[in-house]
Structures are given as structure tokens and as C-alpha cells.
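I opened my notebook to record what I looked up in one structure. The entries follow in the order in which I made them.

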Amino acid sequence: MTLHASNFAPFPAGRPRRLRRDAFTRNLVRENALTAHDLIYPVFVLDGQRRCEAVASMPGVERLSLDLLLPVAEECVKLGIPVMALFPVVDGSLKTWDGKEATNPEGLVPRVVRELKKRFPELGVMTDVALDPFTTHGQDGLPDDNGYIMNDETVEVLVQQALCQAEAGVDIVAPSDMMDGRIGAIRKALEAKKLIHTRIMAYSAKYASAFYGPFRDAVGSSGNLGKADKKVYQMDPGNTDEALREVAMDIAEGADMVMVKPGMPYLDVVRRVKDEFRVPTFAYQVSGEYAMLKAAAQNGWLDHDAVMMESLLAFKRAGADGVLTYFSLDAARLLKQQQA
């Protein structure tokens with residue numbers, strides 16, 4: 001139904017402020033709410049023991065070795081955060097042109113997945129499927145002699161990477177590379193291996209954004225990427241119809257869930273995707289968004305908790321079923337305090 005002014009009682013019979021008069025009424029009629037179950041916590045994991053490295057461009061975020069990550073996973077379980085998303089920080093000596101370390105069954109990611117699922121079987125674990133943390137050039141795929149990122153050759157490697165992660169026991173593989181056809185190829189390979197329960201969350205509408213800078217610092221790919229960009233495979237920020245085509249293709253190829261990335265600058269895309277497809281839809285509040293809010297709060301320009309919660313609620317209001325955010329722990333702690 002289209003809403004018009006004639007559908008409602010005119011003033012003074014109609015007074016919208018009546019429903020804002022007190023807290024209990026505002027709580028009663030609130031249209032959208034955020035819970036800990038809406039959060040996915042992205043973490044950066046290192047090899048070794050007792051390693052903790054602060055990410056300078058992301059205040060409060062640290063790269064952690066597995067032994068220090070385990071208590072974080074335990075807190076996620078206690079707070080009701082359903083999923084932890086792993087992003088590896090790979091030693092430079094393991095990076096190659098073809099990113100072959102991404103397919104190593106004894107590599108950092110499979111080892112961390114196995115240990116997390118052993119210790120915390122109730123915690124969902126999600127892994128990134130892309131080559132940029134593993135390549136000497138910092139691209140998500142394999143370049144040809146002219147530097148152009150090859151599609152089909154890259155997909156072959158991504159399939160092996162996804163299988164490696166799935167065989168380690170990961171719950172959700174999340175291809176973030178933006179190669180054409182990779183969802184279908186990964187789904188076919190998972191089915192062939194009888195890995196029928198492995199879910200795919202497709203980075204379906206991932207834009208070539210300037211908001212990724214701190215993340216690339218965190219995983220150590222910014223130095224390798226240098227002055228190059230990813231515009232030949234990530235989406236043009238000016239396009240939204242294209243996002244719907246990408247999402248439609250990924251759903252048809254077997255994606256269980258889809259994602260829009262970045263988050264707040266692309267809430268219109270989240271809304272369009274949800275309205276068009278009515279499938280589980282997620283958004284990634286990326287490193288640059290997090291860093292901006294953190295920096296403003298540290299300078300006293302914004303109220304940290306207030307803008308954190310307002311920004312996360314915006315994703316729900318736009319139609320997202322969940323949010324990948326570095327604020328997950330802070331937000332879940334605050335929600336728990338509010339419920340106490």
C-alpha cells in the first residue's frame with residue numbers, strides 16, 4: 001500500500017508526538033532493533049604464540065595469534081555473537097605471485113579454524129576466500145603479463161582455497177574476490193566433496209572503495225598493492241543496478257547469503273538488494289568507517305557509544321539481516337548492560 005497524508009488523521013486529531021512521549025511507548029512502537037545475534041566479528045589472526053600487534057589505523061583492533069584469539073572467541077560465545085570472521089596476516093616469506101599458500105591445508109587459516117571449532121563448536125566461523133593476503137602483488141587474483149587480473153585462472157585457485165577451508169571445518173566461506181562465476185564453481189566443488197553444509201556468504205556487491213585502507217594495513221597487503229587499484233574487478237561506486245545483477249547471479253549460482261560492502265555509504269544498495277531478492281542480506285561496516293567514528297570519538301567530537309549503536313541500527317533499518325563490524329564486542333557488551 002502506498003502511504004499518503006490522506007491515510008492518516010490530520011492534526012490535531014493526529015499527533016505523532018504522542019508515540020514519542022515516554023520511553024515505554026517509544027520501546028513499544030520501535031520498528032527496528034539491534035541484538036548481539038545481528039553481529040559478525042571480523043578478527044585478524046597471526047601465526048606464532050603470544051603475539052599481539054595493534055593496528056595503528058584502527059584504534060582498539062589488534063592482530064592476535066591463536067592462543068590470544070581463543071579468549072576473544074570465548075567472549076563472543078558468552079555475549080551471543082554468533083559468528084567470528086577470520087582474516088589472516090600472512091608472513092611475507094609465504095607470499096607468492098600465485099598465492100599458493102591460500103590452498104595449504106596446514107596453513108594458518110585451516111589450523112585456526114580447526115582449533116576454534118574444537119574449542120567452541122557453538123561459535124560460527126567464517127573465512128575469507130580471496131588471494132590478496134597471500135600474494136606478493138596484493139591483488140585478489142592472478143595477474144597476466146600486463147597486470148590484468150585473470151578471471152577463470154583465479155577462480156580455479158579460489159575453489160581450492162574454499163575447499164581447504166571447508167575441509168578444515170569452517171561453517172561459512174565468504175568469497176570476497178569479485179571474480180565472475182566463482183560462487184557457482186565453489187558450490188559445485190563443495191557438492192562434489194559432499195560438503196553440503198558449508199554455507200556461502202557471497203561478497204556480491206563489493207565496491208572499489210577508498211574506505212578499505214586501514215584493513216589493508218591490518219592484513220599487510222597495502223604495501224604489496226602499492227599504487228595499484230582493484231577497479232577491474234570491484235564495482236564502480238556510481239552503480240546500483242549492477243549490484244542487483246551481481247546479487248542475482250550469485251543467488252542463482254548457489255549463494256546462501258549475500259553481502260554489500262562497504263556499509264554506511266552504500267545503505268541504498270542494501271535496501272535495494274533486500275527489497276528485490278528477500279534473501280539473507282548482510283553489510284560490512286568496513287575499516288574506514290570504523291576508523292572515522294573511533295577517531296572522532298577519541299577527539300571528543302562524537303559520543304562513542306551513541307554513534308556506534310546508531311550506525312549499527314542504520315544497517316538494520318536499511319534491511320540488513322546482520323552486520324560485519326569491528327564494533328561487535330563493544331556493541332554486544334553495551335547491549336548486555338542495557339538488558340541487565
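**Cysteines.** I looked for the partner of Cys 76 and found that the closest cysteine sulfur, in Cys 52, is 15 Å from the sulfur of Cys 76, which is too far for a bond. A disulfide is a covalent bond between the sulfur atoms of two cysteines. For the search, a disulfide had to be a pair of cysteine sulfur atoms within 2.5 Å. Over the whole structure the search gave 0 disulfides.

I then looked up burial, where buried means under 20% relative accessible area, exposed means over 50%, and partly exposed is in between (1.4 Å probe, protein chains only). Cys 76 has a relative accessible area of 0%, so Cys 76 is buried. Cys 164 is at 7%, so Cys 164 counts as buried too.

**Source of the model.** I noted that this is a predicted model, in which local features need pLDDT of at least 70 and side-chain atom pairs count only at pLDDT 80 or more, while totals for chains, interfaces and linings use all residues. Residues are numbered from 1 along each chain as its sequence is written, and side-chain values use heavy atoms, with hydrogens and water left out.

**Whole protein.** I counted 12 helices and 12 strands; these are DSSP runs numbered from the N terminus, helices (H or I) of at least four residues and strands (E) of at least two. The radius of gyration is 21 Å, which agrees with the value near 20 Å that a compact globule of 340 residues would have. That radius is taken over C-alpha atoms, and the globule rule is 2.2 Å times the number of residues to the power 0.38. Along the principal axes, the C-alpha atoms fill a box of roughly 70 × 45 × 40 Å. Of the 340 residues, 54% are buried.

I also checked contacts (heavy atoms within 4.5 Å). Among the contacts with a separation of 6 or more, 75% join residues 24 or more positions apart.

**Met 257.** I picked Met 257, which lies in strand E10 (residues 257-261). Is Met 257 buried or exposed? Its relative accessibility is 13%, so Met 257 counts as buried. Leaving aside neighbours within four places in sequence, its contacts include Ile 172, Arg 199, Met 201 and Phe 282. I also looked up the distance to Leu 64: Met 257 and Leu 64 are 193 residues apart in sequence and 28 Å apart in space, C-alpha to C-alpha.

**Backbone.** Most residues other than glycine have a negative phi, and most peptide bonds are trans. I therefore wrote down some exceptions to what is said of most residues and bonds.

- The peptide bond from Phe 11 to Pro 12 is cis, with omega near 10°. Pro 12 lies in the segment before helix H1 (23-29).
- The bond from Lys 261 to Pro 262 is a cis peptide bond, with omega near -5°. Pro 262 sits in the loop between E10 and helix H9 (267-277).
- Lys 194 is not a glycine, but its phi is positive, near 65°. I found Lys 194 in the loop between helix H5 (182-192) and strand E9 (199-206). Lys 194 counts as exposed because its relative accessibility is 69%.
- Arg 278 has a positive phi of about 55° and is not a glycine. Arg 278 lies in the loop between H9 and strand E11 (281-285). At 59% relative accessibility, Arg 278 counts as exposed.
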